[in-house]
Amino acid sequence: METLKKTFSSVLGIPVEKITPDLSPENTPSWDSLNAIVLITEIEKTFKVKFGYDEAMAAKTFGDVVALVKSKSTEFHG
Amino acid sequence: MDNECRSITYREISVGDQASFPIKITDQLVDDFGHYSGNLNPLHMDEAYGAKTEFSHRIAFGMMAGSFFSRLLGMYLPGEYSLCLSQTLQFHHPIMINADVVVRGEVLQKIDAFNTILVRTTVEDAATKKVLVGGEALVKVLK
């Protein structure tokens, strides 16, 4: 969880303590279409997972991303 | 590497794929870039000024590397179907006039969800292999 928060913090340019489960593109201006791709790129690299298009598009919030990574990665400790 | 635009699709790309081409950094190239960009800073445009600096000569614009990476991605890796989303640049060492350099790209990662590739991009000194400018590009592959 902390690694994922740090990834979001680094890519989106917001403090780790502001990364909450309901964080989304709607309430985070820096979570734009480019940074959505950068986030997936960083998460796939860090957790050694691969996402399909539908999975990536279904993740609407940070909480969704946590659940998705948790379901895919053996390296996720949350 | 020739001037023909390659047409590599996302499926045809593998992690580790590379492309490269050589360039000689001529006075003309640097002058053209200065006039095109409007950056007429004397460190790059005035040899007499450059001679008095720590570099002993005027030096090429670091941002010229960005234009070389544009060619790398748009012509060769992957070529026709590329849409550049981002490009980082780190200027490690100055590029001197008359230097022979090699512009190189290597696919580091494929992001299947978005048909996007992460490419390490470098401008290296042809003789010493020292990386003068480095960076990474995110490129969406449109087909």
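Between chain B and chain A of this predicted model, two residue pairs are in polar contact, both at pLDDT 80 or more. A polar contact here is a pair of N or O atoms within 3.5 Å; within protein, one must be able to donate a hydrogen and the other to accept it, and residues adjacent in sequence count only if both atoms are side-chain atoms. By class, the side of chain B that touches chain A has six nonpolar, three polar and two charged residues, where Ala, Val, Leu, Ile, Met, Phe, Trp, Tyr, Cys and Pro count as nonpolar, Asp, Glu, Lys and Arg as charged, and the others, Gly among them, as polar.

In total, 11 residues of chain B are in contact with 14 residues of chain A, contact meaning heavy atoms within 4.5 Å. The two chains bury about 1,000 Å² between them, with 69% of this on carbon and sulfur atoms; buried area is the accessible area (1.4 Å probe) that two parts lose on being put together, summed over both. On the chain B side, Q109(B), A113(B) and F114(B) lose the most area to chain A, together 50% of what that side buries.

One salt bridge is counted between chain B and chain A, a salt bridge being a side-chain nitrogen of Lys or Arg within 4 Å of a carboxyl oxygen of Asp or Glu. D112(B) pairs in this way with K50(A), their closest N and O atoms being 3.7 Å apart. The pair runs from the loop between β4 (100-111) and β5 (116-125) of chain B to the loop between α2 (33-47) and α3 (53-58) of chain A; helices (H or I, at least four residues) and strands (E, at least two) are DSSP runs, numbered from the N terminus. D112(B) is partly exposed at 36% relative accessible area, and K50(A) is partly exposed at 39%. Buried means under 20% relative accessible area, exposed over 50%, and partly exposed in between (1.4 Å probe, protein chains only).

Over all chains the count is nine salt bridges. Within chain B, R58(B) and D31(B) meet in one at 2.9 Å, N to O. This pair links the loop between α3 (47-51) and α4 (64-76) to helix α1 (residues 27-37), 27 residues apart. R58(B) is buried at 5% relative accessible area, whereas D31(B) is partly exposed at 25%.

Residues are numbered from 1 along each chain as its sequence is written, and chains are lettered from A and ligands numbered from 1 in the order in which they are written. Local features need pLDDT of at least 70 and side-chain atom pairs count only at pLDDT 80 or more, while totals for chains, interfaces and linings use all residues; side-chain values use heavy atoms, with hydrogens and water left out.
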